[in-house]
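Visitor: I would like to learn how to read charged side-chain pairs in a model such as this one. Could you take me through them?

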Amino acid sequence: MHPPATVHDVVQPSVTSPAVVYLAGLGPGSVRTMRNALVWLAREASANTCGPEDLPWHLLEWKHVDQLRARLAATYAPATANRHLDALRGVLKCARRMGLMTAEQFAQATDHKPVRGKKIPAGRAVDPDVRGFDHFPPA
């Protein structure tokens, strides 16, 4: 028979970063991708002064997220930009659950449409002058 559990056995050390909590809840195959997204977001949001663990995510407002969304849309393909926004939404949800932001603050900060657009398909035709040759050399 096991001795009864004490409070110290049950209570984990305090985690103050919603990014750490968010990443801890992901499956092993998603952690690296979403961590990279959070690194990019934290650097953009803080002018390269914070990482995901120390950015005060709960202070992001709609206008900040809108600016991040615009930068994402200008930098990445729509699927990648939306993956970053999913990571941001996940961290903000953890911040709400941790009591760092209200439900209203969360709803306002995450009230954004997905990034739309078209990705240029691979293998598109390129003018021979642009390529620098008009045929492959003989083998």
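Visitor: Is R89 buried or exposed, or does it fall in between?

Guide: This is a predicted model, and in it R89 has a relative accessibility of 32%, which lies between the 20% limit for buried and the 50% limit for exposed, so R89 counts as partly exposed.

Visitor: What joins the side chains of D86 and R89?

Guide: The general idea is that side chains of opposite charge can pair when their charged atoms come close. Here D86 and R89 meet in a salt bridge, with 2.9 Å from N to O, and both residues belong to helix α5 (residues 78-97), where they lie 3 residues apart, about one turn of the helix.

Visitor: How many salt bridges are there by this rule?

Guide: The count comes to 4 salt bridges, including one between R71 and E44, whose closest N and O atoms are 3.3 Å apart. That pair links distant parts of the chain, since R71 sits in helix α4 (residues 62-75) and E44 in helix α3 (residues 28-46), 27 residues apart. R71 is partly exposed at 33% relative accessibility, and E44 is partly exposed with a relative accessible area of 31%.

Visitor: Which residue forms a salt bridge with E61?

Guide: The partner is K63, and the closest N and O atoms of this pair are 3.8 Å apart. K63 is partly exposed, its relative accessible area being 48%, while E61, with 43%, is also partly exposed.

Key: Residues are numbered from 1 along each chain as its sequence is written. This is a predicted model: local features need pLDDT of at least 70, side-chain atom pairs count only at pLDDT 80 or more; totals for chains, interfaces and linings use all residues. Side-chain values use heavy atoms; hydrogens and water are left out. Helices (H or I, at least four residues) and strands (E, at least two) are DSSP runs, numbered from the N terminus. Buried means under 20% relative accessible area, exposed over 50%, partly exposed in between (1.4 Å probe, protein chains only).
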